[in-house]
Amino acid sequence: DAGYQGKPAVIVSVQKQPGADTLELTRRVETLLQDVQRTLPAGVTATQVQFRQATFIQTSIDNVRRVLLEAAAVVAIILILFLMNWRATFVSLTAIPLSVLVTIIVFQMMGMSINTMTLGGLAIAIGELVDDAVVDVENILRRLKENRASADPRPVLDVIADASREVRSGIIYATMIVILVFVPLFALSGIEGRLFAPLGVAYIVSILASLVTSITLTPVLSYYFLSQASRAHGAEPRLLRLLKRGNARALDWALRRRRGLIAGVALAVALALAAAAQLPRAFLPPFNEGTLTINLIYQPGLSLEESDRLGRIAENLIRDVPEVVSVGRRTGRAELDEHAEGVHSSEIDVDLRRSARDKSQVMADIRARLAPLPAALNVGQPISHRLDHMLSGVRAEIALKIFGEDLDVARAHAESLRKRLAGVPGLVDLQVEKQVRIPQLRVTVDYERAALYGLTPAAVTLALETLSNGRTVSQIVEGTRRFDVVLRLSDEDRSLEGLRDLSLPAPAGAIPLRMVADVTEDDGPNQILRENGQRRLAVFANSDGRRDMSAIVADIRRVLNETQAPQGLVTRLEGAFQAQEDASLRIGALSLLSLLLIAAVLYSRYQSLALTAIVMAAIPLALIGSVVALWLAGQPLSVASMIGFITLAGISARNGILKVSHYINLILFEGERFGREAVLRGSQERLAPVLMTALAAGLALLPLVAGANEPGREILHPVAVTIFGGLISATALDALLTPVLFLMFGRKAVERIATQRAASLKPAEAY
C-alpha cells in the first residue's frame with residue numbers, strides 16, 4: 001500500500017542502470033510522464049515526483065560552478081592588487097580558462113563526466129592554476145624593469161626568454177611535487193576511493209595544464225603585452241611596498257632570534273599534533289540532500305490494514321513539520337523489489353524546504369512527533385542510507401551484528417545490549433532488527449502415507465505451493481490490455497481447517513491434505529538473515545549529529561567489553577566509523593609515501609639533505625593553521641580534511657622551492673655572497689610571487705569555506721577549511737623560518753653547488 005500527501009497513491013520507483021546520466025534520464029522520464037498524464041482519467045495525476053535525485057545532483061553542480069566563478073573573481077582581484085597592471089593580470093589569468101578547457105578535453109577522452117567531485121577538484125585547484133603563470137609574469141616584469149634601468153638594455157625578447165628560464169626549473173619541480181602528493185590517493189579503495197579519485201584527476205590534470213601554459217603561452221603573451229618599456233613596470237603597488245617593509249622588519253627580528261623562533265615553531269607544531277589527535281572523527285561530511293528517508297518498522301505479523309492506518313497517521317504527523325514540502329509512503333515492499341519487506345515495514349520519503357533550523361533539528365523534531373507510534377524508527381537521507389547499507393549491509397550509521405544459530409538466544413542477547421546501549425549519549429533510532437517469532441501454519445508431509453496414495457513429497461509440496469502462493473494459468477485479452485488469470489486459495493481457505501481440507505490431485509482421485517500431511521499451528525521466525533553463511537541479527541542506530549562519532553563508538557565498545565556474550569554467539573561492530581578508521585590508516589600510510597616522494601624529488605634537485613630538509617620544514621607549518629581552522633569551523637577530522645592535509649604538503653613545499661632556488665641563483669649568478677644580505681634580498685624579491693600564489697590559492701577557497709551546508713559544497717568544505725587555515729600559518733611562518741634555516745644550514749650545500757657549477761663544462765642554468 002502507498003500514500004502521497006495523506007492520500008492513496010501508487011508509488012513507482014525508477015532505478016537507473018550503471019553508467020547512465022542521471023540528469024538526462026530524469027528529463028526523459030519526466031517527459032514520458034507528461035505524455036502519460038494526457039491519457040489518464042480525471043483526478044489521476046502521474047507527474048507528482050516525490051524523490052528526484054537529479055535535484056540534489058543539479059543543485060550540487062550549480063553550486064560548485066558558482067564557486068568556480070567566484071574563485072576566479074577573487075584571484076583576479078588579488079592579482080590586480082599586487083601587480084596594478086591589467087596587462088600582467090590578463091596574461092596570468094589566461095592560465096585559468098586554458099587549464100579548465102584542457103581538463104574538460106581530458107575528461108572527454110577518458111570518458112569521465114562533469115560532476116560535483118570533478119568540478120570540486122577544479123574549485124580546489126583554481127587558485128593554484130595561476131601560480132606558475134604568476135611566478136613567470138612577476139619575474140618577467142622585474143627583469144624588464146631592471147633592463148629598462150640598465151645603461152646597456154638588452155633586446156626585450158632575450159630578457160623575457162631569460163626571465164622565464166630563470167624560474168622554469170623551480171616551477172616544474174614545484175608542480176611535480178604538488179602532483180606527486182596526490183598520486184597515492186588513487187590507492188584509496190572503497191567509497192572514499194570512488195569519491196575522491198575524480199577530484200584527484202581533475203586537480204592533477206588542471207595543474208599540469210597550468211604548468212604547460214606557463215612555460216609556453218605565458219612568455220609569448222608577455223612579449224606581446226608587456227614588452228613596451230613604458231608599460232612594462234611602473235612603481236611598485238603601495239600594498240606591496242607596505243608588505244615588503246613589514247617583511248623586512250619581521251625578518252630582521254627573526255634573524256636575531258633564530259633559536260627562539262625554531263623552538264617556538266617546533267612547540268606550535270607539537271601542540272597542533274596533540275590538538276589534531278583530539279579532533280572529532282567522521283568518515284565523510286554529512287550530505288545536505290534536502291530529502292529524508294524514514295523507516296517505520298512495526299511488529300511483524302501486523303495486518304496490511306493496520307499498518308496502512310498507522311502509516312497515514314505518521315504521514316499527517318510529519319506533514320505538520322514546518323519544513324516539510326511533501327510526504328510519500330510505501331507500506332511493504334514487493335518480493336521483486338530491490339529490498340523486499342513485509343507489510344509491517346513502511347518507508348516514507350520527505351521533501352524539505354530550507355529554514356532557520358538545521359537538518360539535525362528538523363530530524364529531531366520528526367523523531368519527537370513519531371515517538372508515540374508503536375514502531376521502531378530510523379531517520380536518514382536517501383544517499384546516506386545507501387552508503388551505510390554498502391558499508392555494513394544495514395541502513396544505519398552503526399550496526400552491531402550478532403552471529404549465532406540459535407535465534408532465541410541471539411535475540412535475548414540483542415535486547416540486552418539494546419537496553420544497555422540506550423544509555424549511550426548521542427545514539428538515536430536504537431533498535432533490534434525485526435527477526436521475531438510469528439504464528440505460522442506448518443505442513444509436515446508423511447512420506448509413508450503419501451506413498452500409499454501414489455504421491456511423492458515433492459508433488460504434495462508443489463500442489464500446496466501452487467494453491468497457496470498462486471499460479472498464472474491463463475490470460476484474458478481486452479484489446480491491447482492483458483490480464484493474468486491466477487489460481488490460488490481464498491483467504492478463508494488459508495486457515496488451519498481450510499488447509500487440512502485442501503484437495504490434492506492423486507492417481508486414485510482427489511484426497512484432502514490431512515490424509516498425507518500434518519497441518520499444525522506453530523511459530524517461527526518472520527525472516528532469517530545470513531551473512532557469510534552465518535545467521536545474523538543486528539542492533540543498529542544512528543548518531544544525533546551533535547556528538548562525536550568516535551566517542552559514541554568508544555562507549556559502545558566499552559559496553560561490549562563489559563557484556564559477556566552467551567556461548568555460540570559472536571558480535572561484530574560495523575558502520576561508517578569502521579570505514580573512517582580504515583581510511584585514516586590508509587591515508588596515513590599514503591601520506592608517508594607522499595613525503596618520501598617529495599624528499600626524493602627535492603634531493604634529486606639539490607643533491608643536498610640539508611636543502612631538502614629546509615624546503616620540507618614548511619610542511620608541518622601548515623598543520624598549525626589547519627587544526628586551528630578545523631576547530632574554529634567545528635569540523636571533524638574526516639577523509640575530506642585528510643585530503644586537504646595532503647594537498648597542503650605540495651603547496652607548502654612549492655613556496656619553499658621558490659625561495660631556496662632564488663637564494664641559490666642570487667649567489668651563483670647575481671654576485672651575492674652567502675649571508676644575511678643575500679637572504680634578505682631573495683626574500684624581498686620572492687615576497688610578491690609567494691604572497692600572490694598563497695593568497696590566490698587560499699582566498700579562492702573562500703566560497704567553499706563559507707558554503708558549509710550548501711549541497712555539493714558540504715563534502716568540499718572540510719578540504720577548503722583545511723587548506724585555507726594551513727596556507728595562513730604556512731605562508732606566515734615560512735616567510736621567517738625558511739630564511740633562518742637557510743642561513744643556519746645551507747652554506748655547505750650552496751658552496752658545493754657553486755664548486756660543481758664552476759667545474760662543469762655545461763652552460764650554467766638557473767636553479
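Analyst: Start with pairing: two strands pair if DSSP finds at least two bridges between them. Helices (H or I, at least four residues) and strands (E, at least two) are DSSP runs, numbered from the N terminus. Strand β3 (residues 291-297) and strand β5 (residues 341-352) have 7 bridges in the antiparallel sense. Within β5, Asp 349 is the residue opposite Thr 293.

User: What is the basis for these values?

Analyst: This is a predicted model, in which local features need pLDDT of at least 70, side-chain atom pairs count only at pLDDT 80 or more, and totals for chains, interfaces and linings use all residues. Residues are numbered from 1 along each chain as its sequence is written, and side-chain values use heavy atoms, with hydrogens and water left out.

User: What is the mean pLDDT of the protein chain, and which helix has the lowest among its elements?

Analyst: pLDDT is the predictor's confidence in each residue, from 0 to 100. The chain mean is 84, and 97% of the residues reach 70 or more. Helix α9 (residues 229-232) has the lowest mean among the elements, 43. Helix α21 (residues 609-616) has the highest, 92. Over residues 229-233 pLDDT stays under 50. The model has 12 contacts beyond four places in sequence for that stretch; contact means heavy atoms within 4.5 Å.

User: Which other strands pair with β5 and β4?

Analyst: Strand β4 (residues 324-333) pairs with β5 over 8 bridges, antiparallel. Arg 333 has Glu 341 in β5 as its bridge partner. Strand β1 (residues 2-4) and β4 pair in the antiparallel sense over 3 bridges. There, Tyr 4 has Gly 328 of β4 as its bridge partner.

User: Why is one side of β2 and of β6 left without a neighbour in the sheet?

Analyst: The open sheet has 6 strands in the order β2-β1-β4-β5-β3-β6, with antiparallel pairing. β2 (7-8) and β6 (376-380) stand at the edges with a single partner strand each, so one side of each has no neighbour in the sheet. Helix α14 (residues 382-392) packs on the sheet and touches β3 and β6. The direction of α14 makes about 60° with that of β3. Such angles run from 0 to 180 degrees between N-to-C directions, with axes fitted to C-alpha atoms, for helices over the stretch in contact.

User: What makes Tyr 4 buried?

Analyst: Buried means under 20% relative accessible area, exposed over 50%, partly exposed in between (1.4 Å probe, protein chains only). Tyr 4 has 17%, so it is buried. Tyr 4 lies in strand β1. Beyond four places in sequence, its contacts include Gln 48, Glu 315 and Val 327. The C-alpha atoms of Tyr 4 and Arg 329 are 6.3 Å apart, though 325 residues separate them along the chain.

User: Are Asp 429, Asn 532 and Asp 62 buried, partly exposed or exposed?

Analyst: Asp 429, at 9%, is buried. Asn 532, at 69%, is exposed. Asp 62, at 32%, is partly exposed.

User: Where are they, and what is the phi of Asp 429 and of Asn 532?

Analyst: Asp 429 is in strand β8 (residues 427-432). Its phi is positive, about 60°, although it is not a glycine. Asn 532 is in the loop between β15 (530-531) and β16 (534-543). Its phi is near 55°, also positive in a residue other than glycine. Asp 62 is in helix α2.

User: How do you know that the span of α10 agrees with its length?

Analyst: The expected span of a helix is 1.5 Å times one less than its number of residues. The 19 residues of helix α10 (residues 238-256) should therefore span 27 Å, and the end C-alpha atoms are 28 Å apart, which agrees.

User: What puts the buried residues of α10 on the same side?

Analyst: The buried residues are Leu 240, Lys 244, Asn 247, Leu 251, Ala 254 and Leu 255. They cover an arc of only 90° around the axis, so they are on the same side of α10. The arc is that of the directions from the helix axis to the C-beta atoms. Elements that cover them include α2 (53-83) and α26 (717-745). The face turned away carries the exposed Arg 238, Arg 249 and Arg 256.

User: Why is α6 called largely enclosed?

Analyst: In α6, 15 of the 19 residues are buried, so the helix is largely enclosed by the rest of the structure. Helix α6 (residues 131-149) should span 27 Å, and its end C-alpha atoms are 27 Å apart, which agrees.
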